[in-house]
Amino acid sequence: MNPKSRIGNIAVLVLATGAVALSACRRVPDGVIQPEDMSALLADMHVADAVVEQNRRCYSSDSVKMVLKQSVLARHGVDLKQFDSALSWYAHNPELYLEVYDGTINILQDRMKSNDALLAQGSLSVVGDSVDLWAGARYLSVSELSANRTVVFDIEADDNSQQGDRYIWRGKFINNKPKAHWAMAATYSNGTVEVLDADVVDEGWNEIEFVSDSTLSPERIYGYLRFDPRSGASVWVDSLQLVRSRKTDDAYRKRYRLKSYRR
């Protein structure tokens, strides 16, 4: 092929690519938040939800939560009316909404890759009465084609672990059909093993709380989260956390749900 023909073909390809991109943009009216901007806005909204979930005492009232939401909107240069209108428009255009949400998941995953790399460089041994021990990926997308549909963790007890500690594993689940299933367990120095398992029942925030024995020293805390997504669909999990906190009387009463056996 001579140079002029090659240049001509490249020009045609560039023009065609630009036309496709312009056509995609034209699918969304000017008065609606555009797909890339909507993806970024929804990503920040998810982060704000995670902040509220991790700091329930600080965000105990609806008015305080609304202030946080409006601050996120202001950062993106939109108001609540524009945001609600955009959500309504995308709800009536599900194909585009799925594209927007795929963009949101990609943004969150990219953010967490950097964070996970930092976590991997450190130690799981952290000090404090309430700390997040999760060192895996914070955001997951699982389909029937995924090579691995099970997420696991395994943490050895250290000098910062105490008898009676609570371990709360939580995340925000989207398109959770059929229901995912998760479990947590502890092994103790006397050979006792305790297990708690449950279905992930709802869309949105779910959690499973394991309360360790206040008379025994745990050696390991471990668990799994197993998915069984529908054909052609994906399940997303946002903001995975594993929070360790100290014993409380109210929480300790929940131990009746644990199954116990000896090794």
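**Ground rules.** I'm working from a predicted model, where local features need pLDDT of at least 70, side-chain atom pairs count only at pLDDT 80 or more, and totals for chains, interfaces and linings use all residues. Residues are numbered from 1 along each chain as its sequence is written, and side-chain values use heavy atoms, with hydrogens and water left out.

**Strand β7.** Six of the eight residues are buried (under 20% relative accessible area; exposed is over 50%, partly exposed in between, with a 1.4 Å probe and protein chains only). Strand β4, residues 166–174, runs antiparallel to β7, with eight bridges joining them (strands pair if DSSP finds at least two bridges between them). I found W169 opposite I208 of β7.

**Salt bridges.** I get 11 in the structure (a side-chain nitrogen of Lys or Arg within 4 Å of a carboxyl oxygen of Asp or Glu). R166 pairs with E209, closest N and O atoms 2.7 Å apart. That pair links β4 to β7, 43 residues apart. R166 counts as buried at 16% relative accessibility, and E209 does too, at 9%.

I then checked K259 and D197, whose side chains meet at 3.5 Å, N to O. K259 is in β10 and D197 in β6, so this pair ties together parts 62 residues apart in sequence. D197 is partly exposed at 30%.

D132 and R138 meet at 2.6 Å, N to O. I noted D132 as partly exposed at 26% and R138 as buried at 10%. Last entry: E194, D213 and R255 are linked in a salt-bridge network.

Notes
Helices (H or I, at least four residues) and strands (E, at least two) are DSSP runs, numbered from the N terminus.
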